[in-house]
Amino acid sequence: MQNSAPKIKSYRDYIRFKIMILLLFVLLTAAAALVAVIAGSAGLTPTDVFRTLAGKGTKVNQTVIFGLRLPRTVTAIVAGIGLAVTGCAMQSILRNPLASASTIGVSQGAAFGAAFAIVVLGAGVQFHTAEGVTVTNPYLVSACAFAFSLLSTFVVLGLSRFKEISPETMILSGVALSALFSGGTAIIQYFADDVSLSAVVFWTFGDMGRTSVKQIWIMAGVTALSFIYFLLNRWNYNALESGESSAKGLGVNVNAMRLTGMVICSFTAAIIVSFVGIVNFVGLISPHVMRRIIGGDYRFLLPASALMGALMLLFSDIVARLVVSPVVLPIGAITSFLGAPLFLYLIFKGVGRR
Amino acid sequence: MMKVKDLNFSYGCHAVLRKIEFDAKEGQCIAILGNNGAGKSTLIQCLNHILSPQSGAVLIDGADVYRLKRNEVAKRMAYVAQKNAGGRFTVFDSVLLGRKPHIKMEPSQKDLQITESVIRRMGLEEFSLRYVDELSGGEMQKVMLARALVQQPRILLLDEPTSNLDLRNQYEVLAAVREVAEQEQISVIIVIHDLNLALKYCNRFLFVKDGGIYAYGDQKIMTPEIIGSVYGIPVAVESVRGVSVVVPLPEQQALQPDKEPLPEKKNAARSQELVRAHSSLSL
């Protein structure tokens, strides 16, 4: 035990390396956000964007940036962070690599709620020239989507209260509820007329451009709070990685943490999904991608997944808008379409083996 | 000093532990011995409040484990499970995790130094920045032991710590445990199957049979009678070059048929009962 400095130093270097990766992803995300604001038919330049943000832009630029692009970009960032972080936390809490908002029925519940609002409650639809179909009463749709996605969560958590709260019961009941809600959605769709049907389908595709400023604030607030909660639990999640009894032995109150964590995850995911629609894949793969790059330490994995989620949604939204412009492709589909090959590549190739 | 008082534990209506009572003093190494399914792992998990027994108390220096917060228990007791998942963590991070009960937000220089010195003590320096999911079973076991030591507990609970280790590592790891126990005056409680390792490195022996304590004491209770009756197989306890060893003598089983029924026979009887119960149900 003569000199213990060198090992600690190399550990510190290793930690510094992780922080550098995080910073790199912050830069990448910022760059993607800038591109997302610029990209489109208005022909903006980065200078225009900075001028406008500083309050010195032209009237047209102000309308384009503050009215359209910025809300859209911020929505993508916030939703990406929220979905990725909840996915990351859920994968730890449920000790299952497949856990995400759709595993415990949150997404399917939201889809059912939206379908219910549009078709049964008649939230109304109208045609919109460039964007396809939009609903006239988005608040009712969001409210219903939110209510049903939370219902799904409470049933899952309620059921697991009967027996020991085991992750398997939670996931299995989540799968059962997902099936139930998907079935329900299918039945509603079957009886819907053409216009409502297309509105339902269009809603479930997900869209970063449908959120109001107020909704963005709500999403950002909820996401920020849950992110803080998850970060405070980072050591608990680390402990849980080596198994439930080891975690208890390290002083983690596993059952209580699991219950609180699930409620917070579901609530956050439900808010996001009911505002932007179903964007499944981000929450599932962002943590996995970053786990391969930065390792399983939740001190770094949580912020890294958040950045990856934001980056993926920004990138997907840019692609969705530009590929067949002026038509905006469904972002949920683009995320999966681009994310799946990346994910497969990482699974089979593997990176970050130090 | 740990006192266990009248511990009873059952899964549903199936009683696993009955009236467990024993003491563990500082610096003692206690081997928990018994058949598979006798309740050894359950016992060790009850001591640490990983499982909650129906009644009883575990006192560490007078404080009842079941009334303490988990984090407080973790400062006093460390537990190494039989099976350990790794996750994508470096060895250093995995060991550092043992400081969790003491860490508020981020590890201090002291936490890092303790981690460093335990890594050195367990001979893991060359692995310290390797990912644990790339280690062998034995190396992993050492990492988990290192994590428990970093916790700086008063009591160390080990569930079959040598099950994945090769011969040399078994002796090295247990010697290290014994050394730490004596130096830091920790009580170590080990569930162990290898009676010879137990004889060499432990100084107290606790036999568990059918959920109760069959015998508890020092080396004097490691007699052929007690061991034979707990494990249901005749043994001899001999001294080879001054080292006590237990030699199983299965060939003598036939000579003394009425002494102890074999566990297999018991199981066979039980499963027949089950079959009968089942068929009466279906009628």
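Tutor: Two residues are in contact if their C-beta atoms, placed from the backbone, lie within 7 Å. Of the contacts in chain A with a separation of 6 or more, 76% are between residues 24 or more positions apart. This is a predicted model, in which local features need pLDDT of at least 70 and side-chain atom pairs count only at pLDDT 80 or more, while totals for chains, interfaces and linings use all residues. Residues are numbered from 1 along each chain as its sequence is written, and chains are lettered from A and ligands numbered from 1 in the order in which they are written.

Chain A has 14 helices and two strands; helices (H or I, at least four residues) and strands (E, at least two) are DSSP runs, numbered from the N terminus. The part to examine is helix 8 of chain A, residues 213-232. Its 20 residues reach 29 Å from first C-alpha to last, close to the expected 28 Å, which is 1.5 Å times one less than the number of residues.

A residue is buried if 20 or more other C-beta atoms lie within 10 Å of its own, exposed if 12 or fewer, and partly exposed in between, with C-beta atoms placed from the backbone. In helix 8 of chain A, Gln215(A), Met219(A), Thr223(A), Ser226(A), Phe227(A) and Phe230(A) are buried. Seen down the helix axis, these buried residues fall within an arc of 110 degrees, so they line one face; the arc is that of the directions from the axis to the C-beta atoms. An α-helix has 3.6 residues a turn, so residues three or four places apart point the same way. Helix 3 (59-93), helix 11 (254-276) and helix 13 (298-322) of chain A are among what covers the buried residues of helix 8. On the other side of helix 8, Val213(A), Lys214(A), Gly221(A), Ile228(A) and Leu232(A) are exposed.
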